[in-house]
Structures are given as structure tokens and as C-alpha cells.
Amino acid sequence: MKKFYLSLLILASVAAPSKADWRKVGDLNNDGKLTINDVVRLVRILNDNSIPKDITLLDINEDHKVNKADVEELVNIILGKKEAKQIWTTITIPIGNDDDNVTLD
Ligand SMILES: [Ca+2]
Ligand SMILES: [Ca+2]
């Protein structure tokens with residue numbers, strides 16, 4: 001019986017979906033902030049034509065496409081000209097790494 005419950009526990013942990021969280025649309029490095037690093041990643045995704053199937057976090061102007069208009073929208077949000085949007089999602093963008101980060105000295 002103990003083995004049965006252990007199997008159930010393992011099955012439940014495997015089947016459990018990713019943890020949902022509030023995410024800012026455009027926060028592509030998942031650090032909770034919208035910065036130039038997110039712009040760099042968005043530009044890289046467009047240049048590499050590596051747009052993921054689910055564009056929820058990338059379609060910043062919500063026109064159901066990902067293009068340079070979203071880069072402009074993200075820059076406007078960072079500059080404080082537009083409001084950032086938040087969504088409740090399990091989505092993360094599995095791209096890039098810390099080497100992508102740009103520092104402004
Ligand atoms: Ca970010
Ligand atoms: Ca768009």
C-alpha cells in the first residue's frame with residue numbers, strides 16, 4: 001500500500017503543471033522588470049526568426065503578431081510612456097542566458 005501512495009505521489013509531481021505567476025508582458029528574461037535586456041532579447045528573437053509558438057509575452061502591443069512594433073512598444077514602456085501589462089501565466093521564454101544582459105556603465 002505504501003508503494004501505491006508513493007507511486008501516486010510521483011505521478012502527481014510529474015503531471016503537475018508549471019507554477020503560474022504574474023508576469024509582465026515583455027519580461028523575456030524573467031527577472032520581473034522591463035529593461036533594455038528584454039529589448040535585446042526581443043530584437044534577437046526577431047533577428048533569429050525564433051518566435052515561439054506562444055507569443056503571449058512577446059506580443060506587447062497585442063496585435064497578435066511579433067514584430068518591430070512590439071520592440072517600439074517595449075521601449076515606450078521602459079521610457080514610462082506606456083503602462084506595462086501583467087498576465088497570469090505559466091509561460092516562460094526558454095531562450096537566452098545571462099550573457100545576453102547589457103549593462104550601461
Ligand atoms: Ca526583464
Ligand atoms: Ca505585436
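The following legends accompany close-up views of a predicted model.

**View 1. Overall arrangement of the secondary-structure elements in the predicted protein.** The protein contains three helices and two strands. Read from the N terminus, the elements follow the order α-β-α-α-β. The protein comprises 105 residues, of which 20% count as buried. Among contacts with a separation of 6 or more, 63% join residues 24 or more positions apart.

**View 2. Helix α2 and the residue that follows it.** Helix α2 covers residues 36–48. Its 13 residues, taken at 1.5 Å a residue, should span 18 Å, and the end C-alpha atoms are 18 Å apart, so expectation and model agree. Just after α2, Asn49 adopts a positive phi of about 50°.

**View 3. The buried and exposed sides of α2.** The buried residues of α2 are Asp38, Val39, Arg41, Leu42 and Ile45. Viewed down the helix axis, these buried residues fall within an arc of 165°, and they therefore line one face of α2. The face turned away from this buried side carries Asn47 and Asp48, both exposed. The packing partner of the buried residues of α2 is α3, residues 68–78.

View 4. For α2 and α3, the axes come within 10 Å and cross at roughly 180°. Because angles over 145 degrees count as roughly antiparallel, α2 and α3 are roughly antiparallel to each other.

**View 5. The largest nonpolar core.** This core consists of 12 residues: Val25, Leu28, Leu34, Val39, Leu42, Ile45, Leu57, Leu58, Ile60, Val71, Leu74 and Ile77. Helices α2 and α3 each supply at least two residues of the core.

**View 6. The surroundings of Leu42.** Leu42 is one of the buried residues of α2 and also belongs to the largest nonpolar core. When residues up to four places away in sequence are not counted, Leu42 touches Leu28, Leu58, Asp70, Val71 and Leu74.

Conventions:
Residues are numbered from 1 along each chain as its sequence is written. Chains are lettered from A and ligands numbered from 1 in the order in which they are written. This is a predicted model: local features need pLDDT of at least 70, side-chain atom pairs count only at pLDDT 80 or more; totals for chains, interfaces and linings use all residues. Helices (H or I, at least four residues) and strands (E, at least two) are DSSP runs, numbered from the N terminus. The expected span of a helix is 1.5 Å times one less than its number of residues. A residue is buried if 20 or more other C-beta atoms lie within 10 Å of its own, exposed if 12 or fewer, and partly exposed in between; C-beta atoms are placed from the backbone. The arc is that of the directions from the helix axis to the C-beta atoms. Two residues are in contact if their C-beta atoms, placed from the backbone, lie within 7 Å. A nonpolar core is a set of buried Ala, Val, Leu, Ile, Met, Phe, Trp, Tyr and Cys residues joined through C-beta atoms within 7 Å. Axes are lines fitted to C-alpha atoms, for helices over the stretch in contact, and angles run from 0 to 180 degrees between N-to-C directions. Angles under 35 degrees count as roughly parallel, over 145 as roughly antiparallel, 65 to 115 as roughly perpendicular and the rest as oblique.
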